[in-house]
Protein chains: 4
Amino acid sequence: MKKLNIGILGATGMVGQRFIGCLENHPYFQIGCLAASERSAGKTYKEAAKWHLSGDIPDDVAKMKVAEIDPKIIDEYDLDLVFSSIPASIARDVEGAFAQQIPVFSNTKTYRMDDDVPLVIAEVNPEQYDLIPIQRENRGWTGYIVTNGNCSTIGLVLPLKPIMDEFGLEWVNVTTMQALSGAGYDGVSSMAIVDNVIPFIGGEEDKLEIETVKMLGKLEGGKVKNADIDIFASCNRVQSMDGHLKSVFVGTTEDFDEEDVIAVFRKFRGLPQEAKLPTAPNPPIIVREEEDRPQPRLDRDAGNGMAITVGRIRRKCERKLKFTCLSHNTIRGAAGASVLNAELAKYMKLL
Amino acid sequence: MKKLNIGILGATGMVGQRFIGCLENHPYFQIGCLAASERSAGKTYKEAAKWHLSGDIPDDVAKMKVAEIDPKIIDEYDLDLVFSSIPASIARDVEGAFAQQIPVFSNTKTYRMDDDVPLVIAEVNPEQYDLIPIQRENRGWTGYIVTNGNCSTIGLVLPLKPIMDEFGLEWVNVTTMQALSGAGYDGVSSMAIVDNVIPFIGGEEDKLEIETVKMLGKLEGGKVKNADIDIFASCNRVQSMDGHLKSVFVGTTEDFDEEDVIAVFRKFRGLPQEAKLPTAPNPPIIVREEEDRPQPRLDRDAGNGMAITVGRIRRKCERKLKFTCLSHNTIRGAAGASVLNAELAKYMKLL
Amino acid sequence: MKKLNIGILGATGMVGQRFIGCLENHPYFQIGCLAASERSAGKTYKEAAKWHLSGDIPDDVAKMKVAEIDPKIIDEYDLDLVFSSIPASIARDVEGAFAQQIPVFSNTKTYRMDDDVPLVIAEVNPEQYDLIPIQRENRGWTGYIVTNGNCSTIGLVLPLKPIMDEFGLEWVNVTTMQALSGAGYDGVSSMAIVDNVIPFIGGEEDKLEIETVKMLGKLEGGKVKNADIDIFASCNRVQSMDGHLKSVFVGTTEDFDEEDVIAVFRKFRGLPQEAKLPTAPNPPIIVREEEDRPQPRLDRDAGNGMAITVGRIRRKCERKLKFTCLSHNTIRGAAGASVLNAELAKYMKLL
Amino acid sequence: MKKLNIGILGATGMVGQRFIGCLENHPYFQIGCLAASERSAGKTYKEAAKWHLSGDIPDDVAKMKVAEIDPKIIDEYDLDLVFSSIPASIARDVEGAFAQQIPVFSNTKTYRMDDDVPLVIAEVNPEQYDLIPIQRENRGWTGYIVTNGNCSTIGLVLPLKPIMDEFGLEWVNVTTMQALSGAGYDGVSSMAIVDNVIPFIGGEEDKLEIETVKMLGKLEGGKVKNADIDIFASCNRVQSMDGHLKSVFVGTTEDFDEEDVIAVFRKFRGLPQEAKLPTAPNPPIIVREEEDRPQPRLDRDAGNGMAITVGRIRRKCERKLKFTCLSHNTIRGAAGASVLNAELAKYMKLL
């Protein structure tokens with residue numbers, strides 16, 4: 001099978017680097033073009049990128065010349081699709097211009113809440129791919145845009161989905177303890193975080209509150225009807241490198257006992273698992289029963305960074321549940337989520 | 001005025017050291033005896049204690065000889081009262097033996113939930129001192145035991161009190177991000193916490209859930225009737241040295257707007273403020289309106305470590321409030337709380 | 001005595017904030033003007049500065065209007081002298097323009113190595129103030145520039161001075177473990193330093209090697225003759241907030257024993273101590289004999305951040321000495337050093 | 001080829017866990033027995049060990065029953081050799097008892113400086129295996145003991161070896177910045193190290209000074225004649241998880257230029273590389289020319305944790321060299337070093 005030729009928009013950043021990691025030896029996709037800002041264009045990737053991951057840049061990637069982000073790279077590099085993690089400030093124009101011609105799988109928030117744009121977690125709501133024909137018609141595009149959620153939203157919605165399906169969801173109070181990499185390499189000064197916690201992440205609580213209900217919503221009449229769940233979020237930055245930890249309080253419609261909840265998490269599978277997509281973790285949700293897990297450093301790489309780890313499941317009183325969950329923010333919460341969405345698109349004949 | 005002569009039981013530990021800090025140049029109390037385990041007894045304090053606070057041990061304290069914890073020190077050192085931060089495993093016997101003769105102000109959890117023992121935050125529920133005559137009668141003691149709450153409970157209950165009084169409290173979901181010093185100097189290994197968060201602290205969630213309702217309860221017929229509030233807690237250890245941060249979701253009985261809440265926090269004063277007790281912070285609750293406060297490193301020392309700092313106050317929907325609060329866990333949450341309780345006891349002629 | 005009216009150039013930065021701390025209630029100096037870049041000018045200091053120190057901005061400072069850095073503030077605010085911590089890139093012009101009219105005490109590296117500019121640690125080489133008349137004549141200035149050394153150099157030279165005087169110095173191999181604040185608030189990304197050490201600080205090793213020999217040099221014929229000592233430095237960034245720790249290997253001319261070295265450090269006093277200058281630490285060098293001191297968090301604030309703490313003194317073989325020393329990099333290594341230099345200038349009738 | 005059946009003495013500790021990692025799927029060795037203290041004996045490994053490495057315990061290891069450390073396990077489990085990382089306090093008796101029967105490859109310091117015991121880095125001094133017949137004769141053992149050096153010594157001696165061979169070595173001044181794992185999981189309290197550096201590690205400087213000269217010595221007349229190099233060491237604990245960083249100043253006999261040094265490091269190979277031993281890194285020394293490398297987090301895993309990374313090579317003046325080097329302390333500096341020594345023993349027909 002000939003691999004699809006992909007481009008990475010924003011290839012030198014933190015998420016761009018994770019895309020490179022997720023796509024190494026990928027069975028469907030090969031990296032055809034690394035695109036970044038004008039400042040990087042023309043340099044080799046090794047010169048342009050300050051590589052933050054452990055180990056060296058894969059050799060073949062290191063030597064690639066970085067292109068400037070511009071739709072003309074579609075023809076120049078014969079691209080079949082692009083992955084994007086460009087800044088929100090330029091995404092509306094740039095991602096739109098690419099989507100006129102080819103599919104765009106985007107990490108950037110800009111299009112997420114648009115009515116005709118799928119906001120997809122592959123295991124949770126693949127049905128939002130049905131918005132693609134509508135999007136194409138609305139916008140006159142040959143390609144399309146599929147977005148994945150904010151890094152902390154994805155890790156919350158995945159465990160909420162089976163709870164919702166089984167017991168119903170009325171409200172969620174969630175406190176996040178988010179890793180440094182979520183802010184980008186230079187996002188958090190060391191002096192800000194040593195011996196400290198920062199109880200604020202710009203825009204994050206809003207994203208958690210609005211993206212969650214779209215993701216858990218239903219497609220009705222060509223539109224997503226948001227789920228009727230009251231989400232209240234408090235976001236904090238802590239001193240871990242990767243892995244967003246969340247303490248989640250949930251009000252359910254039906255009562256449950258703790259063993260049921262564990263069983264529901266464990267049996268959960270989505271379309272990616274059924275379809276055995278290359279990067280689909282199986283199981284997607286891992287339940288740990290030790291009293292002190294999940295922990296970011298120990299659990300973030302579970303399922304190659306694609307699995308959610310859940311622990312500390314407890315019922316306080318009727319219909320009131322608490323658990324703690326963890327997900328790798330730049331893999332499951334960003335690059336890996338996009339790649340899985342693209343794999344799913346291929347499975348659904350959208351690529 | 002002659003100062004009261006006090007003893008510190010558990011003087012070499014983390015909280016013991018804070019007692020020494022809180023009592024330096026205290027107008028009511030002077031340190032008459034530093035008592036610790038057999039291992040330390042007979043050494044000078046400087047030899048016996050590994051001092052963890054910045055700066056050196058106060059000179060006069062450094063030279064004091066450490067006594068072994070034993071009720072005979074009451075006579076030997078002519079003690080008027082003791083402050084205790086001894087291990088829970090020995091507290092029932094030891095604190096009881098001291099209370100037979102003199103007042104004990106204790107940080108240890110052992111007696112907190114006993115029916116006839118006050119569990120007091122000086123600003124919140126000084127009326128629980130009315131249990132003292134009952135306690136004395138029940139137990140045949142000349143002295144008595146007054147306890148203060150767990151370090152994280154105190155910092156939660158203080159801001160809940162004015163909210164309860166003004167708007168009513170139905171439920172609280174609280175996620176703590178607790179400092180390392182809460183576990184004692186050797187409590188958390190560095191390898192456990194670097195690049196990590198630990199989503200578990202043994203016994204802590206229970207304490208938050210049961211102590212809070214006793215503290216916010218009412219004294220009726222010589223007993224505390226617990227407040228009817230559903231508290232659900234999730235406790236986490238993060239990499240800050242001091243200062244427990246809490247993200248608090250609250251369901252109120254009456255609706256409110258955010259400005260009301262800020263005003264209610266700001267105007268709150270308790271008996272210690274009215275009585276101008278020496279270590280009473282004024283105001284006891286500080287509201288910060290910057291979007292990224294309170295932060296442990298920047299705010300824990302507010303009011304000499306005795307004030308609670310609150311921020312990120314937000315109303316999500318009807319009767320649903322969120323805020324973040326911070327308190328110094330070894331001062332306001334431990335040694336300082338006991339000292340303030342003793343000051344209050346003196347004001348109330350109980351010393 | 002009327003206080004001298006001072007300006008702070010670069011008032012909003014890390015060192016600027018320390019200047020404000022060092023000058024609060026100073027007996028000689030009062031803050032007349034806070035000057036910063038155009039971006040800050042016109043705002044109150046509270047609006048302009050992101051305050052990084054614990055506690056709040058002193059009230060009177062918080063309300064001051066920030067001026068733009070420009071020599072016209074000399075007249076406008078009636079300034080007697082300025083303290084400077086402006087970027088090196090603009091210092092030659094800007095500090096020069098101020099020095100035409102009034103004395104400048106500078107933290108910036110630009111003028112340090114100029115032949116006619118004193119590079120002074122008040123305890124070590126006050127004789128370099130004799131360069132001032134030469135500087136004035138050379139440059140036609142009414143004011144003058146006095147510089148203090150790089151933050152890590154100061155903490156090295158202070159303990160080297162008594163060793164040199166007593167035993168002679170032939171070579172020094174020094175490895176620094178420098179605090180985050182040395183790079184400025186945004187200088188080190190948290191992702192760069194968590195679970196890590198960075199074995200490089202731009203320009204720092206050169207500064208240690210060239211400034212040290214000028215500071216320890218002799219004034220001969222109106223010029224500083226550099227000391228003939230071979231300095232070799234290796235600079236590392238570690239995860240402490242404040243306090244540069246140095247591991248120092250020294251080759252001496254005369255042999256010694258460890259007790260001699262301790263005694264030499266302990267008896268060392270400089271002109272600031274003799275003159276009892278307001279911020280002079282006494283003693284300037286503190287020797288700690290515990291095997292695990294000095295430590296940045298425990299010892300950096302010794303002498304209000306102005307004392308050097310030395311420990312781990314050991315003789316390996318003939319004329320070969322090792323010790324570890326610590327100094328507060330933004331107080332003794334920056335703002336405090338400048339303030340002490342200005343106090344010395346006043347004592348020497350240069351103000 | 002039938003694999004040799006090995007035992008791990010001290011299997012539940014930090015180094016024991018690394019042994020398990022290093023021996024997974026090893027071509028020569030299979031884990032026949034996991035031995036630990038009485039407290040662990042009888043439990044499954046999963047129950048007995050608090051696993052600190054990322055990922056889960058290998059399945060087959062998790063289920064193994066832990067034996068008590070006792071020479072009778074040699075017969076019981078039919079062991080061909082053991083790897084040891086037991087406490088020094090019991091090593092003389094225990095390792096000796098095992099060595100009476102079978103080879104022991106030990107991380108423990110106890111036997112290292114004995115005249116007839118090889119202290120070996122496989123690339124540096126395999127000739128010390130010639131001490132084995134002498135050791136057997138002296139002690140009447142059927143087995144033998146081979147030791148590897150202290151974790152920080154190994155990472156120092158490896159890069160010193162080619163420098164010594166090419167330019168001669170006169171003196172070394174070395175400052176270490178050592179990772180937390182070097183002290184064992186509970187060795188360093190979090191409160192000790194947050195916002196701090198500890199300039200002391202018990203016994204470590206001595207080990208660096210005495211082990212280095214034995215390792216770089218020559219075998220003459222059945223004894224190791226120590227190298228005549230003056231080593232002076234200063235050891236510090238910093239907040240990295242794994243990877244000891246060292247800043248090294250070296251006095252050579254011959255002069256050199258920096259390019260020569262780089263070339264000498266790069267071309268260095270030892271017997272393990274020639275013999276293509278399974279875990280021998282190739283090259284054993286990696287030179288990085290970026291100005292800010294090596295860094296613990298980025299470079300410790302080079303060569304599967306078995307390579308030394310060197311950088312910041314600089315000549316200050318005639319015959320005076322400086323470089324920074326990094327090695328993984330629990331792999332190259334402990335478990336991996338022992339395994340490589342055992343592979344070498346097999347190659348040399350000593351197994």
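Guide: Buried area is the accessible area, taken with a 1.4 Å probe, that two parts lose on being put together, summed over both. The model discussed here is predicted.

Visitor: What is the mean pLDDT of chain A?

Guide: The model as a whole scores ipTM 0.95 and pTM 0.96. For chain A, 100% of the residues reach a pLDDT of 70 or more. The mean pLDDT of chain A is 97.

Visitor: How far apart do the C-alpha centres of domain 1 and domain 2 of chain A lie?

Guide: Chain A is divided into domain 1, covering 4-150 + 335-347, and domain 2, covering 151-328. Contact between them takes 34 residues from domain 1 of chain A and 37 residues from domain 2 of chain A. The C-alpha centres of these two domains lie apart by 24 Å.

Visitor: Which residue's side chain meets that of A:Arg18 in a salt bridge?

Guide: Side chains of opposite charge can pair when their charged atoms come close. Between domain 1 and domain 2 of chain A the count is two salt bridges, and 14 residue pairs are in polar contact across this interface, both residues being at pLDDT 80 or more. In the salt bridge of A:Arg18 the N to O distance is 3.4 Å, and the partner is A:Asp242.

Visitor: Which element gives the largest share of the side of domain 1 of chain A that touches domain 2 of chain A?

Guide: By class, that side of domain 1 of chain A has 17 nonpolar, eight polar and nine charged residues. Helix H1 (14-23), helix H6 (131-139) and helix H13 (331-347) of chain A each supply at least two residues to it. The largest share, seven residues, comes from H13(A).

Visitor: Why does the salt bridge between A:Asp114 and A:Arg139 tie together parts that are apart in sequence?

Guide: A:Asp114 and A:Arg139 form a salt bridge, with their closest N and O atoms 3.0 Å apart. A:Asp114 lies in the loop between strand E5 (104-106) and H6 of chain A, whereas A:Arg139 is in helix H6 of chain A, so the parts tied together are apart in sequence by 25 residues.

Visitor: Which three residues supply more than any other three of the area that chain A buries against chain B?

Guide: In the contact of these chains, 49 residues of chain A meet 49 residues of chain B. Chain A and chain B bury about 4,000 Å² between them, with 52% of it on carbon and sulfur atoms. Supplying 17% of the area that chain A buries against chain B are A:Asp195, A:Pro199 and A:Phe232.

Visitor: With which residue of chain B does A:Glu205 form a salt bridge?

Guide: Between chain A and chain B the count is 14 salt bridges, and 34 residue pairs are in polar contact, both at pLDDT 80 or more. In the salt bridge of A:Glu205, the closest N and O atoms are 2.8 Å apart, and the partner is B:Lys322.

Visitor: Which element gives the largest share of the side of chain A that touches chain B?

Guide: Elements giving two or more residues to that side include strand E7 (169-178), helix H9 (204-215) and strand E10 (230-237) of chain A. By class, the side of chain A that touches chain B has 22 nonpolar, 10 polar and 17 charged residues. The largest share, seven residues, comes from E10(A).

Visitor: Which residues of chain C lose the most area to chain D?

Guide: The contact takes 49 residues from chain C and 49 residues from chain D. These chains bury about 4,000 Å² between them, 53% of it on carbon and sulfur atoms. Together accounting for 18% of what the side of chain C buries are C:Asp195, C:Pro199 and C:Phe232.

Notes
Residues are numbered from 1 along each chain as its sequence is written. Chains are lettered from A and ligands numbered from 1 in the order in which they are written. Side-chain values use heavy atoms; hydrogens and water are left out. Domain bounds come from an automatic or database domain assignment. Contact means heavy atoms within 4.5 Å. A salt bridge is a side-chain nitrogen of Lys or Arg within 4 Å of a carboxyl oxygen of Asp or Glu. A polar contact is a pair of N or O atoms within 3.5 Å; within protein, one must be able to donate a hydrogen and the other to accept it, and residues adjacent in sequence count only if both atoms are side-chain atoms. Helices (H or I, at least four residues) and strands (E, at least two) are DSSP runs, numbered from the N terminus. Ala, Val, Leu, Ile, Met, Phe, Trp, Tyr, Cys and Pro count as nonpolar, Asp, Glu, Lys and Arg as charged, and the others, Gly among them, as polar. pLDDT is the predictor's confidence in each residue, from 0 to 100.
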